[in-house]
Every structure is written in structure tokens, then in C-alpha cells.
Amino acid sequence: MIEIDQIDKWYGAHQVLKSCSTAVAKGEVVVVCGPSGSGKSTLIKAVNGLEPIQGGRITVAGEVVGSTNLSRLRARIGMVFQSFELYPHRTVLDNVALAQMVVLKRSRADAVAKADGLLTRVGMIDHRMKFPGQLSGGQQQRVAIARALAMDPIAMLFDEPTSALDPEMINEVLDVMTELALEGMTMMVVTHEMGFARRVAHRVVFMDEGAIVEDRAKDAFFDHPDTDRARAFLSKILHH
Amino acid sequence: MNYNWNWGILFREPFLGFLISGVQTTLVLALTAWVLAFTLGSVLGVMRTLPNRGVSAVAAVYVEVFRGIPLLVWFFLWFFVVPELLPQTWGRWLKRDLPDPEFWTAVAALGLYTACRVAEQVRAGIQAIPRGQTMAAEASGMNRVQVYRYILLPLGYRRIVPVLTSEFMTIFKNSSLALTIGVMELTAQARQVESFTFQGFEAFTAATVLYVVITLTVTVIMRQVEQRTRIPGLLSAKGT
């Protein structure tokens, strides 16, 4: 579904992605982890072209992520951000309905019906007329997930979806994501939530200093990490 | 001081008529110029935020040229100089066939000048929006026009309502400069009352009070605008 083939990215002279290659198959859940500054967020944002790359190639569902088809391709890939990025001037309902109407050209009635269904699913239907500023972080992130799902995406990208949340709200978001994974959604998730990775992921990609250091099946990664860097990372993140 | 106070003069014809007609001209002049300034300023402000360097540079040059020259000089330039520089038939049309050339020249001078100030505010308003908002909109497949239409402009304008209030007020006050090219707006009419009656104190007191009434009205209207566009859940329209 998603193929990342030897991509490079520089910020000036600093190389933030070093010939990274990996792939996400249909229905697969891949967790990307690594220390901060390792390039995880840049990698996931490259998948839908939010971060342009200077070398290599990314394809999604067989289409090269380029400049000509970018909007059309993005409409088919859902994305959830660390800081939610709901539109503050629109109600919860409008946040979920807007792109359906203006990008997919669905009628307002269809978009609202779809939005209501998804808001029910993420437990936010009672808040449909509220504005993002009136919600907690966990609630906002659940709305953001509904907003991405409303486009009937073929794959979902999660960029540290729980990093900006208070601890007591992390699980309500992870629960929604877990449910989504169990339904067979293709997912690429940048996260530090190793519990989630252990439960839900099929594969783990470990990045350090812009390079993909390990790319392995979940159990193999957690039980016998290949590299010292991955071992050091895991011991820091798991034992405290 | 030996001065013969006579406030009654203000309510006697034709002087009352002078002042009323002055208020009318000031209102029509300032409002027409504001429509021009707001429209052109918005376009220029958006241009300055576009990634295309050429487009952005055109707007930047406009802003620098217009705000670098005093408004009074603009009035003289548009009235005395520009018609001479144009092709002969255009210049003749401006000087001879255009009905009310002083008024329309004043609209142009005031509107084109204020546009550069509006442009800077619109640019600042858009640039103050966190980049994540654009990313979220783009990730949902919106094209650039849609991102501006649904996200950046609604948020950007809300942020700058307070500064636009001040620009809107200023255009009424700046319209008094139009008297230098012969537009009979409020200040010019006050001068006319003075020259007919020698009651300068009364005439300019009247003009002062009328200007204050106009600007206070603007303040009240813009406060309504601010309140209606306030986003629920945010402390003020300034934040996101």
C-alpha cells in the first residue's frame, strides 16, 4: 500500500532522512519509533507530501507521491497530527464534514450523515455542535480521527497522536486507534506508546539520526532487538 | 480675546447644509475608498503569503512604494501628475469627461494608499496561523484556493479585526486631506462656513464633534463584528 524507497531529505546541509526504505502492506499496522529528532515525523509527513523529499520515491496504492496528483492522493490518505489541528472556527460537526463537501463534493446531508456516524463511533456525537476550543485534548484528537476517517481513507497516518495529551486522555485515543487497527485499517503510526505497539503493531520501524536502523516484526523487535541503539532506546523507554 | 460666539450659526442655512453635505461626502468618500482598500489590500496580503516568489515580490513592491510616500503627496500625484503621464486620450478623459474628478481621484489616492496598510495586516494575520492548520487542510486534499477560502482567510481576518478597526477609522480621518484637491468633504465645508461667517471656532468645533461621532460609530460597529466572529472556546478572537 505504502512503499518508501530510499528517500533522502536535507534541511540545508543537515540530512534529516538518510536513504530510508520501508513499506506498509494493506491492512498492516506499522509503528515508527525512535528518539526525538530521529526523523520519524518527517518520514511520515513525506508519505502524503507534506514534507517534500529530495531523493528517492514514495508510492501509495501504486501512485507516486508527486506534485501533480498530490491533492487527489492526500484526500485518500487520512492524517492525524500531534497537536490535533482541528479548525478552531468550525464546529466539531463542520470539522468532520468540511473536506467531505469541498474535496469529495458530497452533499451537506451526506457529509453530515457520515460525520454523525463517525462521531458516534469515537464517542463524540454529544459534542457535535461544540467548537474545538471547548473540548479536552483527548476529545479533540478523537474528532481529528473522525475527520480523517470521513474521507474513507485507504490508509491512515498518525504523527505522535498522543504526545500532546495529558496521561489520563491517552487511552481514549489509543482505544479508538486499536479498534481501527483490528478492523484492518492500514496504519502507519509514529508513537512512543510501546504498549500500543506491542498490542497492535505488526511491525516496528526504529529510526535514529535520520536512518531506519531496524525494521522488523513486532515480537522480534521487542524481544531481540538487533542493534545497541534500539536496545538502549527500549531500555530507556520501557524501564522507568 | 474679543470673539463673538454664535453657535446658532451652525443651525442656520446655508451653513447647516454645508456641514451636512460635508458629512455625506466624507462618508461616501471614506466608505468607497475602504471598499477599494479592503479588496485590493486583501488580494495583496494574500499574494505576499503565497510561495511563488514573483507574485509575492509584486505585492511587496506595491506595499513599499505606497507606504513610503506620504498620503498628501499621493493626493497631489494622482490629481496633478498622473493624468499628464497617461496617454493623451486617457488623461483628457480623467480631466474633462470623468464626472466629479476630484472625488474619484480622492477615492483612488485614499483607497490605494490604505490598501498597502490593509495588505500588511492581512499578511500578518495569515502568517500568524500555525503551520499545522495548513498542513491539516492540505492533508485532507484541499487545494490552495480551498485552504485559503475555508481555513486561512476566516482565521486570518478574525485575528486582525482590532487592527482593521483602527485602519477603518483612519480612512475617515485621512479623507480630510481630500480638501487639498478640492473635494468638499467635512473639513473643507467647515472652512467654508468659517470663510462665510468668520465663526471659525464654532465651525471647527462642529467638524471635530462630527468626526468623533463618525469614529465612535465605527468603533461600535467593529466591536459588534468582533463579537459576532469570536470563536467559542477561545479567550479572544486573537488566539487560535
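Let's begin with A:Met188, which touches A:Ile2, A:Val24, A:Val30, A:Val32, A:Ile44, A:Val47 and A:Leu157, leaving out residues up to four places away in sequence. Before I go on, keep in mind that this is a predicted model.

So where does that methionine sit? A:Met188 belongs to the largest nonpolar core, which has 123 residues. A:Met188 is also among the members that touch the most others, together with A:Val32, A:Val47, A:Val96, A:Ala146 and B:Ala106. And which element gives the most to this core? That's helix 5 of chain B, residues 101-127, with 12 residues. There's another core lying apart from it, with 10 residues, including B:Leu19, B:Leu186, B:Ala207 and B:Tyr211. As a general point, nonpolar side chains tend to be buried together in soluble globular proteins.

Okay, on to the sheet in chain A. Six strands make an open sheet, and the order is 6-7-8-3-9-10, with mixed pairing. At the edges you have strand 6 (77-80) and strand 10 (211-217), each pairing on one side only. From one strand to the next, the twist averages 15°.

Take strand 3, residues 29-33 of chain A. It pairs with strand 9, residues 203-208 of chain A, in the parallel sense, over four bridges. If you want one to click on, A:Cys33 has A:Phe206 in strand 9 as its bridge partner.

Now the helices of chain A. Helix 5 (residues 137-149) lies across strand 6 and strand 7 (155-159), and runs at about 170° to strand 6.

Which residues of helix 6 are buried? They are A:Ile170, A:Val173, A:Leu174, A:Val176, A:Met177, A:Leu180 and A:Ala181.

On the face turned away from the buried side, you'll find the exposed residues A:Glu168 and A:Leu182. After helix 6 comes A:Gly184, with a positive phi, near 95°.

Note on methods. Residues numbered from 1 in each chain as written. Chains lettered and ligands numbered in written order. Predicted model: local features only at pLDDT ≥ 70, side-chain atom pairs only at ≥ 80, totals over all residues. Core = buried A, V, L, I, M, F, W, Y, C linked by C-beta atoms within 7 Å. Buried ≥ 20, exposed ≤ 12 C-beta atoms within 10 Å, placed from the backbone. Helix = DSSP H or I, 4+ residues; strand = E, 2+ residues; numbered from the N terminus. Contact = placed C-beta atoms within 7 Å. Pairing = 2+ DSSP bridges. Axes fitted to C-alpha atoms, helices over the stretch in contact; angles between N-to-C directions.
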